[in-house]
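Have the viewer open and follow along.

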Amino acid sequence: MSARFGTNDLLACYRRGVFPMGDARDDPNLFLVDPDMRGILPLDGFHIPKRLKRRVRQEPYRVTADTAFTRVMEMCAESAEDRETTWINSTILNLYSALHREGHAHSVECWDESGELVGGLYGVAVGGAFFGESMFSRATDASKIALVHLAARLIEGGFTLLDAQFHNPHLEQFGLIEIPRADFKRRLKAALVVDADFYCGRSGASGSFTGSGAVQRITQTS
């Protein structure tokens, strides 16, 4: 891909249903992906496992949004026990950080009692579609709790499509389904004309849900 590829090009890709990836963290090149089968998490059928539902209500972490976007990306790019290498390279990091500054990319963060960032996720919002990119966890259930808070935020904000890109066994517990490319693009076309609000009319991080509030918002819908 051209070195001139910028945020406008990136948004155009998402509107077409394709997204960029890197071969490896130390390879600056990008390529576009258009999966035959697409993984999505239906917001009207989002499932919270019973044990996790209790955990979310207990609020073991402070949950915020858009307070540490680039740091979340950096931690998603780090190697971990379940993944020695990642696809998030310097080009991806710089491109999505710029997209965040323009208001199109967002993060959800989980912080422990000491103020340490222990989990989170990031993705891109276009119209009523949210494209989940990556997540990380350095403490029990941290990424799962971030995902529950993301789903509550998207439902409250009027989003209609939560893209998970690929099938992932880890996400099956939340109701992940796979649909053909053509079906995904039909859903995407409908979602793009929706006027959704990631902040739900609230003020960024200060507008985050309580744990009980997040669970209640999701169960009201699903």
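**Rings and charges**

A: Ring pairs link F69, Y96 and Y122 into a cluster. This is a predicted model, where local features need pLDDT of at least 70, side-chain atom pairs count only at pLDDT 80 or more, and totals for chains, interfaces and linings use all residues. Residues are numbered from 1 along each chain as its sequence is written, and side-chain values use heavy atoms, with hydrogens and water left out.

Q: How many aromatic pairs does the structure hold?

A: Rings of Phe, Tyr and Trp (its six-membered ring) pair if their centres lie within 6.5 Å; planes under 30 degrees apart count as stacked, over 60 as edge-to-face and the rest as tilted. Here there are 7 aromatic pairs. One of them is Y14 with F131, tilted at 4.8 Å centre to centre and 45° between the planes.

Q: Which parts does the pair of Y14 and F131 tie together?

A: Helices (H or I, at least four residues) and strands (E, at least two) are DSSP runs, numbered from the N terminus. Y14 is in helix 1 (residues 7–16) and F131 in strand 7 (residues 129–137), so their pair joins parts 117 residues apart in sequence.

Q: Are Y14 and F131 buried or exposed?

A: Buried means under 20% relative accessible area, exposed over 50%, partly exposed in between (1.4 Å probe, protein chains only). Both Y14 and F131 are buried.

Q: Where does the charged end of R38 sit?

A: A charge sits over a ring if NZ of Lys or CZ of Arg is within 6 Å of the ring centre and within 35 degrees of the ring normal. The charged end of R38 is over the ring of F184, 4.0 Å from its centre; that of R153 is over the ring of F198, 5.0 Å from its centre.
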